[in-house]
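Student: Got the model open. Let's go through some local details, one at a time.

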Amino acid sequence: RGPAEVMRFFSRRNDVRLEAGVVVKRSQDPLALEREAAALVELRQAGLAVPKLLGKNEHALFLEYIPGPVYADLVEFLDWPQALELARWLAEHHRLTGQLKGDLNLHNFLWTGKRCVGLDFEDPPLPGELAVDFGRAAAFAATYYPALSEEKARCVQLLLGAFFHLGAEAEQIRAGYLQEVAAMHRRRRRPVGLGEAAAFFDSCLERVRLEQRGGAFDARSSP
């Protein structure tokens with residue numbers, strides 16, 4: 001194959017490549033692949049924005065390629081439509097499944113220019129309220145390197161504005177956020193301190209509330 005035909009995608013556990021226009025996800029865990037294949041078919045049939053499953057075998061899934069940046073690469077300059085579409089995707093996923101997304105890493109969501117598309121369903125879904133997933137998403141956004149920066153604060157404010165727009169409660173979002181930060185301490189070599197992360201969230205929340213007190217929250221103009 002020529003170099004233009006193969007592209008590698010970020011994945012800590014799998015080998016994921018674009019080969020001749022098809023995303024090939026190879027894994028050593030056939031049960032995880034089977035679980036993901038079933039989830040993709042079910043969610044797509046229900047109308048959720050996920051890649052089309054083109055085929056599978058014991059060691060790989062073959063998926064539709066959807067071009068666009070992943071949300072992990074957007075956190076420094078996220079805009080309101082992107083934040084709102086991520087919130088709507090999570091809300092629809094929860095409405096359809098009644099559960100949380102198994103892996104909420106923002107590498108697992110991409111932006112097509114018009115909508116958010118969810119990726120990676122090999123982890124089983126988790127029990128919980130929708131606002132917990134909102135908080136988990138905010139935790140990932142806040143802690144990508146460089147963590148807790150002013151750019152990350154603006155991103156989290158945008159996400160909070162979108163979550164509140166869909167009727168979520170601040171305390172439930174905060175609980176989900178702190179839950180994910182605590183989980184990061186078990187996964188990451190250099191995690192953000194829980195107290196520092198909590199203070200960062202509370203500062204972002206206060207900024208959003210100040211905006212709301214001044215009138216309708218407009219995250220697009222949030223500092």
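Student: Why does phenylalanine 9 count as partly exposed?

Tutor: Because phenylalanine 9 has a relative accessibility of 28%. Buried means under 20% relative accessible area, exposed over 50%, and partly exposed is in between (1.4 Å probe, protein chains only).

Student: What sort of model is behind these values?

Tutor: A predicted one: local features need pLDDT of at least 70 and side-chain atom pairs 80 or more, while totals for chains, interfaces and linings use all residues. Residues are numbered from 1 along each chain as its sequence is written, and side-chain values use heavy atoms, leaving out hydrogens and water.

Student: Rings next. How many aromatic pairs are there in the whole structure?

Tutor: The search finds six. Rings of Phe, Tyr and Trp (its six-membered ring) pair if their centres lie within 6.5 Å; planes under 30 degrees apart are stacked, over 60 edge-to-face, the rest tilted.

Student: What is the geometry of the pair of phenylalanine 9 and tyrosine 65?

Tutor: Tilted. The centres are 6.3 Å apart, with 35° between the planes.

Student: Where do the two partners, phenylalanine 9 and tyrosine 65, sit in the chain?

Tutor: Phenylalanine 9 is in strand β1 (residues 6-9). Tyrosine 65 is in the loop between β5 (60-64) and α2 (80-97). So distant parts of the chain are linked, 56 residues apart. The elements are DSSP runs, numbered from the N terminus: helices are H or I with at least four residues, strands E with at least two.

Student: And tyrosine 65, how accessible is that one?

Tutor: Tyrosine 65 has a relative accessible area of 31%, so it counts as partly exposed.

Student: Why is the pair of tryptophan 89 and phenylalanine 121 called tilted?

Tutor: Because the planes of tryptophan 89 and phenylalanine 121 are at 35°. Their ring centres are 6.2 Å apart.

Student: What parts does that pair, tryptophan 89 and phenylalanine 121, tie together?

Tutor: Tryptophan 89 lies in helix α2. Phenylalanine 121 lies in the loop between β7 (116-118) and α3 (130-143). The parts tied together are 32 residues apart in sequence.

Student: Tryptophan 89 and phenylalanine 121: buried or exposed?

Tutor: Tryptophan 89 and phenylalanine 121 are both buried.

Student: Which residues do ring pairs link into a cluster?

Tutor: The cluster holds Trp89, Phe109 and Phe121.

Student: What lies over the face of phenylalanine 121?

Tutor: Lysine 101, at 4.7 Å from the ring centre. The test asks for NZ of Lys or CZ of Arg within 6 Å of the ring centre and within 35 degrees of the ring normal.

Student: Switching to histidine 93. Where is its place?

Tutor: Histidine 93 is in helix α2.

Student: Histidine 93, buried or exposed?

Tutor: Buried, because its relative accessibility is 3%.

Student: What does histidine 93 touch?

Tutor: Leaving out residues up to four places away in sequence, histidine 93 touches Leu43, Leu48, Gly98, Gln99, Leu100, Lys101 and Phe121. Contact means heavy atoms within 4.5 Å. Lysine 101, again, lies over the face of phenylalanine 121.

Student: Which residues does leucine 53 touch?

Tutor: Ala37, Val41, Leu61, Phe62 and Leu63. Again, residues up to four places away in sequence are not counted for leucine 53.

Student: How far apart are leucine 53 and valine 208?

Tutor: In space, 39 Å, C-alpha to C-alpha. In sequence, leucine 53 and valine 208 are 155 residues apart.
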